[in-house]
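User: I have not worked with this structure before. Could you take me through it step by step?

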Amino acid sequence: MCGIIAYAGHAPAAPELFEGLRKLEYRGYDSAGITTLDRGRLYTAKRAGTVEGLRVDLNNLCGTVGIGHTRWATHGAATAANAHPHVYGRFSVVHNGIIENYSELRSELISAGHAFSSETDSEVIAHLLDVYYDGDPVDALRLTCARLKGCWAIAALCTEFDGYIVTRRGSPVILGRGKGNYAASDIYALSGRAEKYSIPEEGDFALVTPDKITIFDEHLNEVVRPFDILKSNFSEVGTDDCPHYMLKEIRENARTMRATCRAFSSLDLSAVRTRLKCADKIVLIGCGTAYNSALAGVRLLGGAYDCPVSAHIASEARYNPPRVTGRSVCIAVSQSGETADTIMAARIAREAGAYLIAMTNVGYSAITRIADFVLPVCAGAEICVAATKSYIGQLACFHLLSAGTSPSVRDCALENISKKVEEIALDDTYAPGIAKLCVQSRAVFFLGRGYDVDVATEASLKLKEVSYIFSDGYPAGELKHGTLALVDESVLSIVIICDGALAEKSKNAVEQILSRGGKVAVVTTLPPIYAALSGRVQAVWLLPEVPSHLSHFLSSTALQLVAYHAALFAGHNPDKPRNLAKSVTVE
Ligand code: F6R
């Protein structure tokens, strides 16, 4: 989604904001803008395209106070006019979220003589601020928010105040103190700058000057919110030696597994395990990749606990919630912890009595604030829009939660697997060849059975996201019930055969495709399958042999690499897929 950064300090604001925007760019990258404030005058630069485009404007943006924004378009095309900040009268505004009643507000303001310069929902905020301003910018913001429906994080400048104002409802904002006073959509933008951070409560307002941050509750009573030390330096936010974040992050899969194991061993899980053992049902919810990891979670938890386990797509579950009771456990899976649909579905389950566990990569995120317990996915900053290492971390979490063995035994199993994952992530022998087959194909099917079908579903999402090749993940046994009609020489089927119990069945699917002239690539951990299919299909990638229930760490890593190389062959930047953004904080 969009990214917000604000700065008030004693150094020039524009370079501070520019660097912050570069770190936030993964949240949205279709346009960007900055406004600075100097002696009562606003200086604004906005451009369609990447943050880098603003570099030429930096010298013209005067002052030591300012706001910046990187946009992922929801209302209005990705043009400079629609880019934030939106300036009206005395105010300049950046907004992340959605103003649901913007068209009514816009009509009302137009009738009152206001002229709009963008098609966005956000611009109404600048107009309302100017209407309600009566010498107190925070009060103007309170009155403005009272008119809004939807969700928002807002930062605004006012020509009559040497600082900025901030508020949030339903969208994230973090305040930071360090070499100046900051506000940002996420903590990565503050790394290296802020020494302490604080997460305002929903509905809080902050008045920020170069020397002070004053926080008010929704009734404008001054309140004290804790500022914690910003411990991590988020050194992982660079690409290291890798050309893209996606590759770098795939190479961090093994580290994520180990870090997640370590984090679990220091957690007291007794309450969680008791809840799971006594549960009448376990419902898992998530979106996209997080939902796909929940599919694996169903298999793993289903084998460990004596109750029904089901996975639900959050955007459906929030309108058609799975029935839960006071004995149910709901696990909300979310890398960012900010996905609006997941938060809403989780909230509904909790209100209906379920014990809510948040499985997330971001410890201070919104989902953690409504959960009874937080399970950490220790992937570190995931910057590439396509989720890779967080998926592997979620799988590790489900393993750790479902393992009945002693911590040392299960950690050892994951530790051993992580070494193999590391080797696969560094291997570029097979992935480029299979990726080339993908880009030469009209469509790609990922097929598997048992553990492998969950891998197929996620591998398909990854490929379509970054290469834009049409793809579907499918149970291999369903092929003959319809999909086989689509198979011909222009379609590639990638068959995952790692679930030993079902390997022969999956091999049958390969035979069915070959006999209809389809192209096949196989990813397997099973030497007999390799021996039987080598030379008969277009490609076979033999992974190290591991128990079936652990094989998804290996096969998923391999197929993440295939998606990465397919994006490169197709000429796309894998880190910034078109039309997508990380952390979907709107509904
Ligand atoms: C896919 C991807 C998305 C996210 C989904 C949920 O690569 O990144 O499908 O998985 O938007 O996001 P989180 O996990 O942050 O709730």
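Analyst: Let us begin with a term: a residue is buried when its relative accessible area is under 20%, exposed when over 50%, and partly exposed in between (1.4 Å probe, protein chains only). Helices (H or I, at least four residues) and strands (E, at least two) are DSSP runs, numbered from the N terminus. This is a predicted model, in which local features need pLDDT of at least 70 and side-chain atom pairs count only at pLDDT 80 or more, while totals for chains, interfaces and linings use all residues. Residues are numbered from 1 along each chain as its sequence is written, and side-chain values use heavy atoms, with hydrogens and water left out.

User: How many residues of strand β19 are buried?

Analyst: Six of the six residues in β19 (residues 355–360) are buried. On one side these are Y355, I357 and M359, and on the other L356, A358 and T360.

User: Why two sides?

Analyst: In a regular strand the side chains alternate between the two faces of the sheet.

User: Which sheet does β19 belong to, and in what order do the strands run?

Analyst: It is an open sheet of five strands, ordered β17-β16-β18-β19-β20, with parallel pairing. Two strands count as paired if DSSP finds at least two bridges between them. The edge strands, each pairing on one side only, are β17 (309–313) and β20 (373–376). From one strand to the next the twist averages 20°; angles run from 0 to 180 degrees between N-to-C directions, and axes are lines fitted to C-alpha atoms, for helices over the stretch in contact.

User: How many bridges join β18 to β19?

Analyst: There are six between β18 (residues 329–334) and β19, and V333 stands opposite M359 of β19. Strand β16 (residues 282–286) pairs with β18 over four bridges, where I282 faces V329.

User: Which strands does helix α12 touch?

Analyst: Helix α12 packs on the sheet against β16, β18, β19 and β20, and its direction makes about 155° with that of β18. Contact here means heavy atoms within 4.5 Å.

User: Where do α12 and α6 meet?

Analyst: The contact includes N253, T256 and M257 in α6, and K389, I392 and G393 in α12. The axes of α6 (residues 253–265) and α12 (residues 389–402) come within 9 Å and cross at roughly 35°.

User: Changing topic, how many salt bridges does a search of the whole structure find?

Analyst: The search finds 25. A salt bridge is a side-chain nitrogen of Lys or Arg within 4 Å of a carboxyl oxygen of Asp or Glu.

User: What is the N to O distance between E252 and K389?

Analyst: For that salt bridge it is 2.6 Å. E252 lies in the loop between α5 (245–250) and α6, and K389 in helix α12, so the pair ties together parts that are 137 residues apart in sequence.

User: Are E252 and K389 buried or exposed?

Analyst: Both E252 and K389 are buried.

User: Which residue forms a salt bridge with R90?

Analyst: R90 meets D130 at 3.0 Å, N to O. R90 sits in the loop between β5 (86–88) and β6 (91–99), and D130 in helix α3 (residues 123–132), 40 residues apart. R90 counts as partly exposed because its relative accessibility is 27%, whereas D130, at 15%, counts as buried.

User: And what about E511?

Analyst: E511 forms a salt bridge with R536, their closest N and O atoms being 2.8 Å apart. E511 is partly exposed at 26% relative accessibility, and R536 is partly exposed at 41%.
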